[in-house]
Amino acid sequence: MSFEITRLTTRSATDAWARLTDWERHTGLIPFTTVSLLPGPNEGVGSGFNARTAVGPVRFDDQMEITYWKPPTRTDAGVCRIVKRGRTVVGWAVLTVTPAGSGSVITWHEEANFRMAGPFLNWPNARAGKAVFGKLVDGLLAD
């Protein structure tokens with residue numbers, strides 16, 4: 001699945017970045033999912049987190065590692081690359097936070113697939129992913 005979400009916010013790039021990269025805050029904004037940090041650094045290259053999704057007895061882990069980390073400045077975009085390293089979900093995401101006047105523009109681009117699903121689920125997964133991550137970004141940027 002592949003999708004991209006873009007949002008314009010009145011939050012500064014540094015504030016938006018802090019909210020979006022507070023991985024544990026993603027819990028409660030992604031249905032049926034709890035996000036926890038993995039052992040190691042809490043941020044930057046080499047840090048990681050796990051998103052455990054559980055619906056009744058069906059559950060899976062989506063382990064991710066930060067492979068690129070450049071926080072935004074007042075004038076330059078911040079970029080975070082996340083690689084999915086789990087047994088169930090594979091792929092990557094790139095989060096970009098670009099200063100724009102007194103606010104910022106957020107772009108979340110994701111390419112991810114369920115290992116066993118095959119290509120026939122790409123379209124519905126992309127639609128669902130775009131909806132879920134759109135609500136995630138909106139929720140993290142809200143007051």
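Predicted model: local features only at pLDDT ≥ 70, side-chain atom pairs only at ≥ 80, totals over all residues.
Biologist: In what order do the elements of the protein run from the N terminus?
Modeller: The protein has two helices and seven strands. Read from the N terminus, their order is β-α-β-β-β-β-β-β-α.

Biologist: Why does the radius of gyration agree with a compact globule?
Modeller: The C-alpha atoms fill a box of roughly 45 × 35 × 25 Å along the principal axes. A compact globule with 143 residues would have a radius of gyration near 15 Å, so the protein agrees with its value of 15 Å.

Biologist: Which element gives the most to the largest nonpolar core?
Modeller: That core has 29 residues, and those touching the most other members include W23, C80 and W108. Elements that give two or more residues to the core include β1 (2-9), α1 (13-20) and α2 (122-141). The most, five residues, come from α2.

Biologist: And which element supplies the largest share of the lining of the largest pocket?
Modeller: The largest pocket has a volume of about 530 Å³, and I30, T53, D62, V132 and F133 are the lining residues nearest its centre. By class, the lining has 21 nonpolar, five polar and three charged residues. Among the elements that each supply at least two lining residues are β2 (33-37), β3 and α2. The largest share, six residues, is from α2.

Conventions:
Residues numbered from 1 in each chain as written. Heavy atoms only, no water. Core = buried A, V, L, I, M, F, W, Y, C linked by side-chain atoms within 4.5 Å. Buried < 20%, exposed > 50% of the residue type's maximum accessible area, 1.4 Å probe, protein only. Helix = DSSP H or I, 4+ residues; strand = E, 2+ residues; numbered from the N terminus. 1 Å grid on protein atoms, 1.4 Å probe; cavity = no way out; pocket = protein on both sides within 12 Å on 5 of 7 lines; lining within 4 Å. Points joined across faces, edges and corners; volume = space filled by probe spheres on them. Nonpolar A, V, L, I, M, F, W, Y, C, P; charged D, E, K, R; others polar. Rg over C-alpha atoms; globule rule 2.2 N^0.38 Å.
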